[in-house]
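This report is a first walk through one protein structure. Please have the sequence and the model open while reading.

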Amino acid sequence: MKVKSLLLSVILFSGVGMAAGAGASYTEIEQGKVAVANRASGTVSIINAQTDTVVSTLQLPASSATPEPMYVVYKENRLYVGDRANNRIVVYDSFGFNLLSTISTGQGVFHMWAAKNAQMLLVNNDIDKTVTVIDTNSLSVLNTLSLPADLIEQGFKPHDVFVSDNGRSAFVSLVGGGNGDDYVIKLSIKHNRELARKKVGGDPHLFISPLKRKTLYVPSQESGTVLALNTKNLATRYQLDVPNAHGIFAQERRLYVTNIADGGSQGLYTIDAKRRHIIDMDNAPYGAPHNITVTANGQKIYVTHSGATQNKVSVFETVPGVALPSFSTEVTVEGNPFGLAYIPH
C-alpha cells in the first residue's frame, strides 16, 4: 500500500486509531464490493474491493425509456438503484444481484438515502418536487413528502437527501432558486412537516457522520465551503473552506470531500472532523471527481469521475489514524459513473 509520511500522520492523529504494539500491522485485506451507477450506459458496475476489478455489470431492466441509473444505496443485503428516466427504484439482492422488484416513485429521481436503524429509503424527485418514502421491508411506497410551498414557488427543487438513523427526520437540500444561495431543510417524516431551515451556499450536499450524529455536514460547490450544522435546529457549528466542495463521505473521524471543478488538481480533501481542520489534499487522475464511498475498514476510498465521456473510478488507499490517502489505481467502468455504494460482502 502506498502511504504518505507516517510521522506526519502520527502528528496529525496523535493518539487516535493507532495500532498497538511494536511491529503491528496497519492494514487488513479488504472484503466486499463497490456498486457504481453508470448514468449514460444504463448499467451498474460491481467492483471487487480486494482486486479493484469489475466482476459483474448489471443491465437495468428494460422500460419505456432507456434506463438512467443515478445513485445506488446498499441496505441489509439489498442494492437499490435510482432510475431517473423511468421514475423508479430497481432492487437487487446483493449476493447474486438477482432482480427483486421495481418500485414507482415521483418524476425526476435523484439523490437517495436509507435510514440505518429503520426500514426506510428516501428518494428525491426533482421534477415532481417531492420525496418518496419507501418501506425496505415490503418494498412498497409508504408516503410522499411535500416540500415547503414558499421555496417551491421560488423555483427551488430537492437535490440531496439524508435520513437520521432512527428514520424520524429527513434533511433535504433545495437548489435552483436563482438567487445564488440554496437551502437545507429538516422534515419530520411521520408528520410531513418542516422543522427547521437554513440558507446555505449554492449546490449543497449532505452527510451525517456515524461518529458525529448531531452534526450535518454541508459542502457547497458554489461557495467553496463545508458547513457543519447542528442537526437539531440547523444552527452553524463551524465552517471550512474547500474549493468547489461537492461529494462528501464521513468515515470514523475523517471527512472526505471532492473538489469537482479543478480538473483533478487537489480533487480529494481530507478533513479531521474532531479537530475541525483540513489535513490533506490529493490530486485525482481525472477531472470532475464527483461522489465518494469508503470501505468498512476505512482503508480504500472510491471516487467517481462524472461526465459524458468519463468511465473511470479512482481508488485511494489510506490507514485511518496512521496514514493519509494516496492514489492507488483506477477502475474502468461504463459511461458517466455517478453514484456509488459499498457492499460489505
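This is a predicted model: local features need pLDDT of at least 70, side-chain atom pairs count only at pLDDT 80 or more; totals for chains, interfaces and linings use all residues.

## The largest pocket

The largest pocket holds about 1,000 Å³ of space. Its lining is made up of 40 residues, and Y74, W113, F162, F207 and F249 are the closest to the centre. By class, the lining of this pocket divides into 25 nonpolar, nine polar and six charged residues.

Which strands supply at least two residues each to the lining of the largest pocket? They are β4 (69-75), β8 (109-114), β12 (157-163), β16 (207-209), β20 (245-251), β24 (289-294) and β28 (337-343).

Two or more lining residues come from each of β12, β13 (169-175) and β17 (212-220).

The lining of the second largest pocket consists of four nonpolar, four polar and five charged residues. Strand β12 gives residues to this lining and also supplies at least two residues to the lining of the largest pocket.

Strand β5 covers residues 78-83, and five of its six residues are buried.

The hairpin of β5 and β6 has four residues between the strands, and N87 takes a positive phi near 50°.

How many of the seven residues of β20 are buried? The count is seven of seven, so β20 is described as mostly covered. Strand β20 is also one of those that supply at least two residues to the lining of the largest pocket.

Strand β20 pairs with β21 (residues 254-259) in the antiparallel sense, over five bridges. I248 stands opposite V257 of β21. The hairpin that the two strands make has two residues between them, and E252 there takes a positive phi near 55°.

S188 belongs to strand β14 (residues 181-188). Is S188 buried or exposed? S188 counts as buried because its relative accessible area is 8%, and the limit for buried is under 20%. A polar atom of the S188 side chain lies 3.2 Å from the backbone nitrogen of H191. Leaving out residues up to four places away in sequence, S188 touches R168, R193 and L195.

T225 is found in strand β18 (residues 225-230). T225 is buried too, since its relative accessible area is 8%. The side chains of T225 and S223 make a polar contact at 2.8 Å. Apart from its neighbours within four places in sequence, T225 is in contact with V218, P219, S220, Q239, L240, D241, V242 and A245.

## A loop residue and a strand residue

Q50 sits in the loop between β2 (43-48) and β3 (53-59). Because its relative accessibility is 45%, Q50 counts as partly exposed. Q50 and E30 are 20 residues apart along the chain, and their C-alpha atoms are separated by 5.2 Å. Beyond residues up to four places away in sequence, Q50 touches I29, E30, Q31 and K300.

With a relative accessibility of 7%, H290 counts as buried. The C-alpha atoms of H290 and N259 are separated by 7.8 Å, while the two residues are 31 residues apart along the chain. Not counting residues up to four places away in sequence, H290 touches Y71, H246, G247, T258, I260, V303, T304, S306 and F338.

Notes:
Residues are numbered from 1 along each chain as its sequence is written. Side-chain values use heavy atoms; hydrogens and water are left out. Buried means under 20% relative accessible area, exposed over 50%, partly exposed in between (1.4 Å probe, protein chains only). A polar contact is a pair of N or O atoms within 3.5 Å; within protein, one must be able to donate a hydrogen and the other to accept it, and residues adjacent in sequence count only if both atoms are side-chain atoms. Contact means heavy atoms within 4.5 Å. On a 1 Å grid over the protein atoms alone, a cavity is a set of points where a 1.4 Å probe fits but cannot get out, and a pocket is an open set with protein on both sides within 12 Å along at least five of seven lines; lining residues have an atom within 4 Å of a point. Grid points are joined across faces, edges and corners, and a volume is the space filled by probe spheres set on the points. Ala, Val, Leu, Ile, Met, Phe, Trp, Tyr, Cys and Pro count as nonpolar, Asp, Glu, Lys and Arg as charged, and the others, Gly among them, as polar. Two strands pair if DSSP finds at least two bridges between them.
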